Amino acid sequence: MSFLELRQVSKSYGSGSNEVHAVKDVNLAVERGSLIAVMGPSGSGKSTLLTIAGSLEEPTSGEVFIEGASVQAMSRNERARLRRRTIGYVFQEFNLLAGLSAVENVSLPLELDGLSAKKARVVGMSVLEELGLADRATHYPDELSGGERQRVAIARAVVGERHLLLADEPSGALDSTNGEAVMRLMLAACKRGVAAVVVTHDAQLASWADRVVFLRDGRVVDQTVPPPSPESILEETSSSRPRR
Amino acid sequence: MSVRHAILALLSEGPKYGLQLQKEFESSTGEIWPLNIGQVYTTLQRLERDGLVESDEAESEGPQKGFRITEAGTEELSSWLNTPPDMTSPPRDELVIKVLSALRVPGVSVHDVIQVHRRYLVELMQQWTRLKEDESDFDLSFALVVDAELFRLDAVVRWLDAADGRLKRAVAEPATVPSGPRFARRLVVRR
């Protein structure tokens with residue numbers, strides 16, 4: 001069973017002749033342990049797709065299933081709990097709270113979920129340690145570099161055993177080295193059994209994914225087939241590379 | 001790929017044997033470019049003929065023969081390192097021609113043609129990225145070579161994205177066709 005499944009999901013705004021389809025008839029299944037990239041230009045519906053997958057927005061039609069349960073059939077409370085306990089979001093602008101230190105930002109979702117501040121901090125600290133940020137724990141967002149802020153945002157998204165990681169252009173304005181670090185963290189989360197979706201227009205980021213889905217005008221138009229073993233490209237390279 | 005200059009670069013560290021040069025060349029390119037020993041010796045012979053390297057005396061012919069860089073070789077190497085390679089675009093880029101041709105063929109969607117190539121390129125990028133996934137068996141030269149490939153492929157994907165967007169806008173807001181004769185526009189390729 002897929003951890004996240006979108007069935008015939010559509011989202012439109014306006015009505016009649018002014019109706020705009022942001023997302024149209026999208027089917028998407030994401031297993032635990034796999035990283036899916038959704039690639040498309042601005043305005044292709046990527047972000048809308050992600051907010052629907054994360055239950056932040058309602059589809060106009062179609063259904064979203066998380067662990068086999070229909071999100072549309074849930075009560076408001078159930079949905080809020082799902083967002084707190086199961087889904088982690090990473091946004092382009094990181095969205096860290098300026099008045100909280102790194103570890104407080106990371107442990108906040110646990111506190112909101114009813115864990116004591118002290119216990120939440122212990123868990124938050126262990127996630128920061130895993131991501132190599134232990135020495136930044138007491139720093140405030142404005143004391144962190146862009147790359148560090150985004151790593152803190154990822155720590156916050158995966159804290160407390162959440163199993164669905166949704167990221168919208170997670171490398172934002174970071175340089176390629178930091179962008180790579182972000183993708184390595186997402187991949188590491190997947191190795192621990194998280195299902196992840198990253199939406200991006202950046203092919204280098206998307207190429208970290210197990211599968212890349214291409215979106216155009218709100219529709220899935222294509223997707224990559226799983227690549228053969230990594231070594232095959234080297235064989236191909238050495239035989240086809242022109243020699244001088 | 002200039003094997004000649006790569007060999008000069010390896011010799012700039014100190015005298016070496018042919019077999020050693022072959023091994024070091026391969027490891028310095030992250031094992032991505034294989035080089036056969038015959039090519040190493042042919043290149044060394046030419047470098048010696050041109051006075052850029054010199055070898056041990058004739059009695060030690062064969063694999064034990066050592067080579068070292070000459071002063072002229074050091075100068076040649078320095079000048080090569082600082083000379084930009086020819087980056088003028090090739091006169092005909094096959095992918096560009098395919099996309100331009102797709103515009104002319106009735107019944108063909110240029111967006112679909114672009115997508116075929118985009119997917120192929122992203123799949124290729126996935127393979128390269130997978131190679132750098134495991135940081136532990138991943139040396140610096142290899143990382144640099146893989147990055148170079150990824151940036152090269154990424155540039156092509158970006159061009160396809162830009163072309164896709166430009167074509168979409170052109171359909172939405174057709175440009176007014178100039179009435180006079182068109183300016184002859186040619187890419188000037190300096191060689």
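**Helix packing, domains and confidence**

In chain B, B:Val3, B:Arg4 and B:Ile7 of H1(B) meet B:Gln39, B:Thr43, B:Leu44 and B:Leu47 of H3(B); contact here requires C-beta atoms, placed from the backbone, within 7 Å. Helices are DSSP runs (H or I, at least four residues) and strands likewise (E, at least two), numbered from the N terminus. Sorted by class, this contact has four nonpolar residues, two polar and one charged (Ala, Val, Leu, Ile, Met, Phe, Trp, Tyr, Cys and Pro count as nonpolar, Asp, Glu, Lys and Arg as charged, the others, Gly among them, as polar).

This is a predicted model, in which local features need pLDDT of at least 70, side-chain atom pairs need 80 or more, and totals for chains, interfaces and linings use all residues. Residues are numbered from 1 along each chain as its sequence is written, with chains lettered from A and ligands numbered from 1 in the order written.

The axes of H1 (residues 3-11) and H3 (residues 37-49) of chain B come within 10 Å and cross at roughly 80°; they are lines fitted to C-alpha atoms over the stretch in contact, with angles from 0 to 180 degrees between N-to-C directions. H1(B) and H3(B) are therefore roughly perpendicular (65 to 115 degrees; under 35 is roughly parallel, over 145 roughly antiparallel, the rest oblique).

Chain B splits into domain 1 (3-81) and domain 2 (94-172), with bounds from an automatic or database assignment. Their C-alpha centres lie 36 Å apart.

Chain A averages a pLDDT of 89, and 93% of its residues score at least 70; pLDDT is the predictor's confidence in each residue, from 0 to 100.

Note on methods:
Two residues are in contact if their C-beta atoms, placed from the backbone, lie within 7 Å.
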